[in-house]
Amino acid sequence: NIFKESPTTFEPLEIYPIDPNYLIGPDDEIIVNLWGGVELNYTFKVNREGIIVIPNIGEVCVLEMTLEKLKSCLIQKFSKVYSGLNNGITQLGVSMGKLKSIKVFVVGNVKTPGGYTLKSMATVFNALYNAGGPSEKGSLRKIILYRNNKIIKTIDFYNYNGAITAGQA
């Protein structure tokens, strides 16, 4: 009966901490703040190629970087223009703005198989929920998560002990 509710009932929250393993991709927004020796605020949208364009720096490929790796990369790039980053006078902070949506395909013994556009922080359960849940022949005992034609994980929702987000999978 849980799958009879509106799919929005189980959508991920709009404001939440970003998983450290979240991979940055096209349409993600990156917010960069500099303070101390210089005060600047930037918001960059990742383009289709996974690139952001930074004034006075140029193109930077951020595709599939984690937030930690992104911050390290941006400190290196910005320190070439803002010398205060090298001696601690200027600080740099990086956070995420609006996150991308992703397309997932739910197939097999579900009520409504097909392609669904989900928020990148959606879980496997969110995808299953959007597909109407398991069909009469379906089960919550063996959900197989694929990425690039490879099995990432087999999930038994009765034994479920952790969330795998669509953005990770």
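A salt bridge, as I use the term in these entries, is a side-chain nitrogen of Lys or Arg lying within 4 Å of a carboxyl oxygen of Asp or Glu. I keep in mind that the model I am reading is a predicted one.

**Entry: overall layout**

I began with the secondary structure and found 3 helices and 9 strands in the chain, which follow one another along the sequence in the pattern β-β-β-β-α-α-β-β-β-α-β-β. I then looked up burial, and of the 169 residues in the chain 39% are buried. The accessible surface comes to about 10400 Å², and carbon and sulfur atoms hold 50% of that area. For contacts with a separation of 6 or more, I noted that 49% join residues 24 or more positions apart.

**Entry: salt bridges**

I asked myself how many salt bridges the structure holds. The count is 3, and I went through them one after another. I reminded myself that side chains of opposite charge can pair when their charged atoms come close.

**Entry: Lys100 and Asp28**

Lys100 forms a salt bridge with Asp28, and the closest N and O atoms of the two are 3.1 Å apart. I traced Lys100 to the loop between β5 (90–96) and β6 (101–106) and Asp28 to the segment before β1, which makes this a link between distant parts of the chain, 72 residues apart. Are these two residues buried or exposed? Lys100 has a relative accessible area of 11%, and because buried means under 20%, Lys100 counts as buried. Asp28 is buried as well, with a relative accessibility of 0%.

**Entry: Asp27 and Lys45**

Next I looked at Asp27, whose side chain meets that of Lys45 in a salt bridge with an N to O distance of 3.8 Å. Asp27 lies in the segment before β1 (29–36) and Lys45 in strand β2 (residues 40–45), so this pair ties together parts that are 18 residues apart in sequence. When I checked accessibility, Asp27 came out as partly exposed at 45%, while Lys45, at 52%, counts as exposed.

**Entry: Asp156 and Arg141**

I placed Asp156 in the segment after β9 (150–155) and Arg141 in the loop between α3 (124–130) and β8 (143–147), so the pair ties together parts that are 15 residues apart in sequence. For Arg141 I noted a relative accessibility of 47%, and this residue therefore counts as partly exposed.

Terms used: Residues numbered from 1 in each chain as written. Predicted model: local features only at pLDDT ≥ 70, side-chain atom pairs only at ≥ 80, totals over all residues. Heavy atoms only, no water. Helix = DSSP H or I, 4+ residues; strand = E, 2+ residues; numbered from the N terminus. Buried < 20%, exposed > 50% of the residue type's maximum accessible area, 1.4 Å probe, protein only. Contact = heavy atoms within 4.5 Å. Areas by Shrake-Rupley, 256 points an atom, 1.4 Å probe, with all protein chains shown as cover.
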